[in-house]
Amino acid sequence: MDKLSDQQLFKQFSYINGSWHSSETQLEVTNPATGECIARVSNSGITETNMAIKAAKNAFKMWSEKSANERAKLMRNWFDLLMQHQDDLARILTLEQGKPLNEAKGEIAYGAAFIEWFSEEAKRVYGDTIPAPANDKRIVVIKQPVGVVASITPWNFPNAMIARKAGAALAAGCTFVARPASETPLSALAMAELAERAGIPAGVFNVVVGDDAKGMGKVLSEHPDVAKFTFTGSTAVGKILIGQCASTVKKVSMELGGNAPFIVFDDADIDAAVTGAIASKYRNAGQTCVCTNRILVQQNVVTEFTEKYTQAVTKLNVGDGTIEGISIGPMISKKAAKQVDKLVDESIKAGAKLVYGGKFDSAGDNFYQPTILTHVNNDMPIASNEIFGPVSPIISFADEHQAIQLANDTEYGLAAYFYSRDIGRIWRVSEGLEYGMIGVNEGLISNAAAPFGGVKQSGNGREGSKYGLDDYLEIKYLCMGGI
Ligand code: NAP
C-alpha cells in the first residue's frame, strides 16, 4: 500500500452519510498471494447497516429531485476520478484480490465505464403517451426512481460489481448502500473516497464493511426502507436473499452463478477458438461467473483443438499478480484452491484424463496450476459444478443437436460461447442455447453497452445497457380525465 501515489485512497473505515465510521472491532484483509495482512478495517455490523439505510433514505429526496443533468455531471466527475486513479485503484485491487495488475487495471476501466455509461443514460429516462380508449382521457407514463437500493457483492470483481449497480441506481435517482465482500472491502472504500471528491452528496453512496454477512444481509434484504435489493454472488446465497426480500415485496435483481459451455464446432477457426477459450477460461484464475466451465469440442477436431489449446496453456505464468508478466494469480483462499483440487481428483477417479497441470502451484498456498482434463462427461463433478478455478474440462460431442443438449443440461443459464463459421448454424445455436448472453466467435463479451445477466438459476435482471436502468425505476401511469 505504501506504493500508492495517493495514500488517501487507502481507507479502513465504513463510509456512511459522507463520514468515515470507525467500529470497536477490526476485520483483517489479507493479500491472497502472500497471506500477509494488508489492512485492518473497522468491522461494521447491523447497527452501521441500519445507519447507512437511514442516511440513504434521508438523502433520497434531495438526490431524486436533482435534474438528470446535475446527477450526470456528478457521476461524470466520479468516472473521471476513477480513471485518473486507475493505477492506484488497480494496485489496491490486486493486493486484496490477487488478479494480475493488468487485469486489475482492466477491471477499473470496465467498472468506470458503467459510471460513464449510466451518467449519459440518466438523461434518457423517457416516459410514454398511449392512445386512450375514450376521447376525454389521456394516458401518460412516467418513470421514477424506486428509492433506496441495497447491494451485496462478491470478492471476484471488488470494483466492477459495485460500479455496475451503483451507476444505474444513482443515474435513476436512487440512493445506494453497498455491502462489499469481507475479503475485498478496500476497493469499495476507495470508490467511496472518489465519490466524495466528485461531489456526490452525503448519504447518496454508502459503503458498510463487516464480516457478519448473514446479519447485515438480513437487514439489507428485509428493511422496509430498502425499496430494491441487488445481489451478485452464488445461487445458493441468492436463493436465501430472494426469500428474505419477500417479506417486504422488494424489487430484486440477482446476478448468480454460471456453468458456461464453450462449444467448438468442426467448421470453426480452431486457432481463434483457442484464443477465445484461453481468455474466457483463465481470466481471474478462472474465478468469474462467465468463465468457460466446460469446453465442448466436436469429435473430429478434438485432437487438433486439445493439442493447440495445451500449447497455449503452457505459456501461462502463475504467480503474484503484482509481478510483471504474470497471467494467473492466486485463488482467493486455500479453501477455494482445495475445492478445485477435489473436483479434479474426483473427476479423474470417474474416468477423466489429466493432460496438463492438476496440482497446487509452487508459487504459494493459494495457487493452482492451469489444468486440462479430457475424456470428461457432463456428469463428472468438474462439469456439473461451477469450478471457479483454472481448470478446463474437455468434452467431445457428435453433432449440433448433441452440443446444444449438453450445453443446456445445467440449472444455470448465464453465459455461453461457441465457434462456427456457418451462418445457419450460428442462428440455430444462438437461439437454441438457454443462456442470457452468448459469445459467437468471441470469448470476452461483457461491456457497459450490453445487457449483462442470466436466465434459469443464474438470476434475473440486467446490468449495463439501455435495459440496465429499468431495474431501478418504477413505471407510473397517469390517467388524465375530463379533457
Ligand atoms: P457468495 O458466497 O454467494 O458471496 C457473495 C456475497 O454474499 C459476499 O459479499 C458474501 O459475504 C455475501 N454472503 C455470503 N453469505 C451470505 C448470507 N447468508 N447472507 C447475505 N450475504 C451473504 O459468493 P462467492 O463465492 O463469494 O462469489 C462467487 C459467486 O458469485 C459465484 O457463484 C459466481 O458465479 C457469482 N458471481 C456472479 C456474477 C454475475 O454477474 N452473475 C458476477 C460475479 C460472481 P462474505 O464475503 O463476507 O462472506
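In this predicted model, the side chains of K218 and E222 form a salt bridge, with an N to O distance of 3.0 Å; a salt bridge is a side-chain nitrogen of Lys or Arg within 4 Å of a carboxyl oxygen of Asp or Glu. Both K218 and E222 belong to helix 7, four residues apart, about one turn of the helix. The structure holds 22 salt bridges.

**Basis of the values**
- Local features of this predicted model need pLDDT of at least 70 and side-chain atom pairs count only at pLDDT 80 or more, whereas totals for chains, interfaces and linings use all residues.
- Residues are numbered from 1 along each chain as its sequence is written, and side-chain values use heavy atoms, with hydrogens and water left out.

- A polar side-chain atom of S182 is 2.5 Å from a ligand oxygen atom.
- In the side chain of R179, an N or O atom lies 2.8 Å from an oxygen atom of the ligand.
- E255 contributes a backbone N or O atom, 3.5 Å from a nitrogen atom of the ligand.

**Shell around the ligand**
- The shell (residues with a heavy atom within 4 Å) has 29 residues, of which T153, W155, S182, S234 and E386 come nearest.
- By class, 14 of the shell residues are nonpolar, nine polar and six charged.
- Helix 7 (helices are DSSP runs of H or I, at least four residues) provides the largest share of the shell, three residues.

Terms used: A polar contact is a pair of N or O atoms within 3.5 Å; within protein, one must be able to donate a hydrogen and the other to accept it, and residues adjacent in sequence count only if both atoms are side-chain atoms. Helices (H or I, at least four residues) and strands (E, at least two) are DSSP runs, numbered from the N terminus. Ala, Val, Leu, Ile, Met, Phe, Trp, Tyr, Cys and Pro count as nonpolar, Asp, Glu, Lys and Arg as charged, and the others, Gly among them, as polar.
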